[in-house]
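I opened my notebook for a slow walk through one structure. Here is what I looked up, entry by entry.

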Amino acid sequence: MHDIRVSIVSPEAAHYGVAELWAAGKLIGYTILEDTDLMLRIEPGRDRTPVIVGAHSLAQAIGQAEHLLKRY
């Protein structure tokens with residue numbers, strides 16, 4: 001299973017709670033704030049195949065996203 005890399009592209013994106021989640025060089029999803037709750041949107045692959053990620057890696061990535069977003 002590939003590690004998930006978290007990135008925040010700008011302070012403006014961070015203001016809206018947007019952190020991108022990347023695995024194997026592909027954007028797999030992003031976070032966004034809705035009613036003060038951090039939501040996760042998982043994007044389908046370009047070929048419409050399912051996106052499969054490890055639960056442990058995903059939990060760590062979401063935790064990292066929350067941490068990074070709080071710094072902005």
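I began with the naming of elements: helices (H or I, at least four residues) and strands (E, at least two) are DSSP runs, numbered from the N terminus. This is a predicted model, where local features need pLDDT of at least 70 and side-chain atom pairs count only at pLDDT 80 or more, while totals for chains, interfaces and linings use all residues. Residues are numbered from 1 along each chain as its sequence is written, and side-chain values use heavy atoms, with hydrogens and water left out.

**Entry on Ser57**

I found Ser57 in helix α2, which covers residues 55-71. Is Ser57 buried or exposed? I noted that Ser57 is buried because its relative accessible area is 15% (buried means under 20%, exposed over 50%, partly exposed in between, with a 1.4 Å probe and protein chains only). Beyond its neighbours within four places in sequence, Ser57 is in contact (heavy atoms within 4.5 Å) with His2, Asp3 and Ile4.

**Entry on the core**

The core has 13 residues, and Ile4, Val6, Ile8, Ala19 and Leu21 touch the most other members. I saw that β1 (4-7), β2 (20-23) and α2 each supply at least two residues of this core. The largest share, five residues, comes from α2. I then followed Ile8: leaving aside neighbours within four places in sequence, Ile8 is in contact with Ala14, Val18, Ala19, Leu68, Leu69 and Tyr72.

**Entry on the salt bridge**

How many salt bridges does a search of the whole structure find? I got one, counting a side-chain nitrogen of Lys or Arg within 4 Å of a carboxyl oxygen of Asp or Glu. The side chains of Arg41 and Glu43 meet in a salt bridge at 2.7 Å, N to O. I wrote down Arg41 as partly exposed, because its relative accessible area is 46%.

Where does Glu43 lie? I traced Glu43 to the loop between β4 (37-42) and α2. Not counting residues up to four places away in sequence, Glu43 touches Ile28, Gly29, Tyr30 and Val51. I also checked Glu43 against Val18: they are 25 residues apart along the chain, and their C-alpha atoms are separated by 14 Å.

Note on methods. A nonpolar core is a set of buried Ala, Val, Leu, Ile, Met, Phe, Trp, Tyr and Cys residues joined through side-chain atoms within 4.5 Å.
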